[in-house]
Amino acid sequence: SSTACASHFHPQQASLCSALFWPMGQACVCGQHAEGPPPEGDDDGQTRAISAEGISELPALLMDSSPRVKVQFHDAAITHVDSFEESAELSILDEDEDSETGLPVAKTLTGSERDILRKFKRRWTIQQKEVQANQRAEEYHRALNESIQQMRTQEFRVGCLPANRYGDDAWLPPFDPARHVPLVALINPFAGAMVGADVLAIARRMPYYQDRFFNIIDVCKDQRRGGLLDLLRLELCKAKEEAKSLGVRPRVISAGGDGTASFTLHILFAALRADASRADEGLADVGNGFIWTNEELAEYFPALAQMPLGSANDFAHTLGWGQKFPGCRECCLQLNWRKHALGALQDWLEAVLRPSSQVANFDVYGIVPEEGATACDFKLAELTGPRGFTPKVMVDGKKQILMKEAGLPVPLFTCLYFSAGFGAYMTARFQMNRRKGPIRNKMEYVKQAAGILVESIPPQLNVGLDGVQITAGGMHYFPPRSENGRGGDRYREVGFLNINWQAGMLNGRDRASVYRRLFTSREPAKFNDGRMDMFRAKFRSLLRNPGFKYQTDKRDEGLTLTYSGGEGKGVFFQWDGESRFAFSPSGQPFHIHIRKMLSIPVVLGPQYNEKITGSPGNGQKVMFRFGGDTPKEEERFRERIVKGVRGELNAELIASREELLAAGFPVENAGGTR
């Protein structure tokens, strides 16, 4: 940032000063001479600005033909501002030429000359960083503006699709910052027979909502710099600041099926994840892997409200937001049904926006490695094959099921329930035959269940739950009354409930005698008591319980499923309506560990029913917190979440085609041949 006058150096050094510093109008490095006219030897005396074209300009600037003395870099890779330690790094080319070669004579720089160049390069480097930072910021804001325009102009209804069920002139309640809670929304446009697309189309025409209602699928796909995930991050931070000024917690609408809740959590953590390479854009790590501090997460992590756009809608039903999409009943029973359906949607949104809507704690579980291990000891695959009544195909003269590489999502969060066995296999078959409407989807579930009952058991599965053992809360749970693990073949399903609904028809109550089951009330499965409501079921359990009720056993959190079915076999499990096939590539026993990873705030709707779920209070302050009984466990779960949103769990859990073949599973290849 300073220069040197000719009085401090011999003529050659003075020429160097003249060439490099005086044209820039800087003060002398000695601090004793003010700015003045260029020293003798400067050919043109004109002020020369440092170019912003990049670091490669430095040699070009120093090799300018105007100065008598020219500096040449022998190592073009020099980038450190103090890299002039070796004399071989640069030399001075005098205007005198070698008499034999005709080339300029190279002269080694003195220490004083290197010091001048070092000061020059430091100043030049700072300027280049500033220029590059400005260019980078301009590119970022330009990409953000393009993403905003893309989101605002997105078309959701085209061609053969039916008109918006809420009407083409539908509107949402105008957002009033003085009386409404700030929120964002993550909506699956394809859920609920395209109800999600209808809601997004209305939001795009409304101030506030047009920038706060996101297509969750597009956000997941567009995680580039300046993309939709960055937009969501900015809106989340705005909502946090707005909520802080009002003394409330912001809210997030998760609109879709039951699996959308855990998907929404994944997207929220991805948006809040720190990125050291983008610290200047607001992504600096505050010490916990995220851009919000632990205190900010605790107080302002958005409370989740679930819009029911799926088939069963167990989560929304549990939280009191309905079992059908807003306006479904009005679409069927009213003459002017679009108007009445729109009214139902507006009332639903008003309930989310009201500060008086109750907020409660909610436990979130997750699959984690065994304590002390860095990865799980099992791999995941997904069922494939022909659509229809059965996915089985003939392989080696036997009817077998085919496997493929598992798709996303990989299991990270479990909000609703976890189970292994019949229901998980049925769900895996349903995923291949998913329909467009909720009623057709429910019929498909029934069809796939019937198919399992009438078919033979494929070679890749054991009878019932043979080979499965479960401990819960540190105690043996399954198979019951068995010390050697035998007896699982008599059962069809085992798992736990976090909410008191499954498949829209099953719920749990504490295990009791026949008299108490028939004539007294029992404690239901609760979503925030820190305990797992374990269940195990046979087909005849429907007659004994009676009806569609599980007898549940409350256990302290912490479940381990051990499978020892042998080589070429595995077990289907489901979480929150998603199903995968777990196996060990080596055929050795493997373990699925499930722990409470989070406690999150949720918004309770006007239809919340304490008779089904119990009182929502759990005696603790409503706040976000990581799970774990010790700081070490809390850190382990936090790191697991960060790995999940980075996509690092994909390689850990998803089996490759080669691993599937090596384990002996029939695999469908890309060409369709087997």
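A nonpolar core, as I use the term here, is a set of buried Ala, Val, Leu, Ile, Met, Phe, Trp, Tyr and Cys residues joined through side-chain atoms within 4.5 Å. I'm looking at a predicted model.

**Cores.** I looked up the largest nonpolar core and found 135 residues in it. Y166, Y209, F213, I253, F362, I592 and L598 have the most contacts inside this core. Helix α4, residues 191-203, gives the core its largest share, 9 residues. Another core lies apart from that one and has 21 residues, I401, L461, F581 and A655 among them.

**Y209.** I picked this residue and asked what it touches, not counting residues up to four places away in sequence. My list for Y209 reads L172, P173, P174, F175, A203, R204, L349 and L353.

**Helix α13.** Next I went to residues 422-432: how many of them are buried? I got 11 of 11, so I noted the helix as mostly covered, buried meaning under 20% relative accessible area. The buried residues of α13 include F422, Y425, R429 and M432. What covers them? I found strands β11 (379-384), β16 (417-421), β19 (493-497), β24 (570-575) and β25 (578-583) among the cover, along with helix α14 (438-454).

**Whole protein.** Stepping back, I counted 20 helices and 27 strands. Of the 674 residues, 54% count as buried. For contacts with a separation of 6 or more, I got 73% from residues 24 or more positions apart. The accessible surface came to about 30000 Å², and 51% of that belongs to carbon and sulfur atoms.

Terms used. Residues numbered from 1 in each chain as written. Predicted model: local features only at pLDDT ≥ 70, side-chain atom pairs only at ≥ 80, totals over all residues. Heavy atoms only, no water. Helix = DSSP H or I, 4+ residues; strand = E, 2+ residues; numbered from the N terminus. Buried < 20%, exposed > 50% of the residue type's maximum accessible area, 1.4 Å probe, protein only. Contact = heavy atoms within 4.5 Å. Areas by Shrake-Rupley, 256 points an atom, 1.4 Å probe, with all protein chains shown as cover.
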